[in-house]
Amino acid sequence: METMVAGAGPDQQAAWPWGWWLAIALLPPLLALAICHGNDAFHRAAFALKRWLHGRPRARLPPGHMGLPFVGENPALKRYFRRERRPDGYVHDKKRRYGDATGGLYRTHLFGSPAVLVCSPAVNKLVLQSPDSFGVCWPAPDLVGASSILNVDGARHARLRACVVEAVNRPSSLRSIACAIQPRVAAALRTWARKSTVTAAVETKKVTFENICKMFVSMEPSPLTEEMDAWFAGLLGGLRAFPLDLPGTAFRRALRCRRKLSAVFRDELRRRKDAADGGDDLMSALMRTEDEGGRLLSDEEVVDNIVSLVLAGYQSTAAALMWAVYLLAKTPHALAKLREENDAIRRDKNGEFITPDDIPKMKYTAKVVEETLRVANVAAMVHRVALKDVEYGGYTIPQGWRVVVWLRSLHTDPNYYDDPLRFNPDRWEKPAKPGTYQVFGGGYRMCAGNMLARLQLIIMLHHLSVGYKWELLNPGAEIVYIPHSYPSDGALIAISEL
């Protein structure tokens, strides 16, 4: 027996080296294939098995690809935003590879989870207006606060939203706010002119942060608020980063900044309770908010919400203000029309500040605001999660998968806006096509402070246009898109009084 095996060996032994070489040669491409398609194959197989077990083997995932294991398509997303500086390229690539006939659904893997990307008016509406089918799902819920308005659903969200709307978005609140913030805006612009050269991104953030701190927490500018501004910037960077809690990552820094901010507001909450200080700002309104059983919000709920609301209240508005300065400097005819309208308003006011009663007369100013918000795309996407399997257009959005609602794609689509990347306030002579303008999101979670944001933009544009002239010092500066979009020089301008 041994002799027979040994006797059969020479031919086989001669073949073994070639077999090993073949295996070695095939290993890299097979490994590359597994890396490139393993993540997609795994999730497709898991979905198919689940559907088969539930007796629905014909259900289909949307077309797409889920990228690399663990990181998914985050590297591709980052490439389009950071290296290529084409933020619309990510969605355009999906449409090019898989077609427009999907109804605006594509499967992917983003922010650590299998996901469905949605990017059409109809499916965006479905996701944003179906609370029974889609819940809120931030990539890093700890950063926005486990009990904050950005993170809770149902009755808890409705109660917090009502509190915010009452405090900052109803007409009487807006009237008080307009009166309170204009002296600070006017003073800030005088300071800009005295400096003669300023970075719009820095200065708009400074004045907006000071206004929000005053309105929301009754805090005046101080060394502490300067530190808080830096912590909020760190927090924002983590919200748009891959949620990887390792030393040196943006996410780790964001967690640290969140803890520092929570400590500041926890101390302020304790001070107010000890002093029995009622107050009339947003934080006090949160302290008075009750649930259906008459129970007040816990201290942790108040702190979670005030951190998130301050961040949401000033970062997006400051970015929009910076873009308004930038875009108007590049569009002289639009600035001339804005100035003409606001000069007429100023003459009617005889030196008094504008009020919400004047806003209906500021029709072109309103167009500039809406066009700025559309072009700036401060909130490129919002996040949801499928609470159950949802069928749409012949495809299934699986339960538990993240749903990334890509708002930006609507505002930059030539099917909805002529020459969409051009700043053109006159396009608002007629309303946008239904469902194609979602700068504040949509449905029951639409931004609760949308009117406050518009008011701040109108006030800044009024004072800026009637009193100052400015120009960009680096009009050709590249645009950066991470952690949010801004000119690489921060919109450096030369500014002087008219």
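Reader: Which residues in H10 are buried?
Author: Thr225, Met228, Asp229, Trp231, Phe232, Gly234, Leu235, Leu236, Gly237, Gly238 and Leu239. Buried means under 20% relative accessible area, exposed over 50%, partly exposed in between (1.4 Å probe, protein chains only). This is a predicted model: local features need pLDDT of at least 70, side-chain atom pairs count only at pLDDT 80 or more, and totals for chains, interfaces and linings use all residues. Residues are numbered from 1 along each chain as its sequence is written, and side-chain values use heavy atoms, leaving out hydrogens and water.

Reader: What do the buried residues of H10 pack against?
Author: Helices H6 (141–144), H9 (200–217), H11 (250–275) and H13 (299–329). Helices here are DSSP runs (H or I, at least four residues), numbered from the N terminus. Contact means heavy atoms within 4.5 Å.

Reader: Now H13 and H15. At what angle do they pack?
Author: About 105 degrees, with axes 9 Å apart. So H13 is roughly perpendicular to H15, a label for angles of 65 to 115 degrees. Axes are lines fitted to C-alpha atoms over the stretch in contact, and angles run from 0 to 180 degrees between N-to-C directions.

Reader: Which residues meet there?
Author: Ala320, Trp323, Ala324, Leu327 and Leu328 in H13 meet Val368, Thr372, Leu373, Val375 and Ala376 in H15.

Reader: New topic. Where is Cys447?
Author: In the loop between H16 (408–411) and H17 (450–467).

Reader: Which residues does Cys447 touch?
Author: Arg161 and Phe440, not counting residues up to four places away in sequence.

Notes: Helices (H or I, at least four residues) and strands (E, at least two) are DSSP runs, numbered from the N terminus. Angles under 35 degrees count as roughly parallel, over 145 as roughly antiparallel, 65 to 115 as roughly perpendicular and the rest as oblique.
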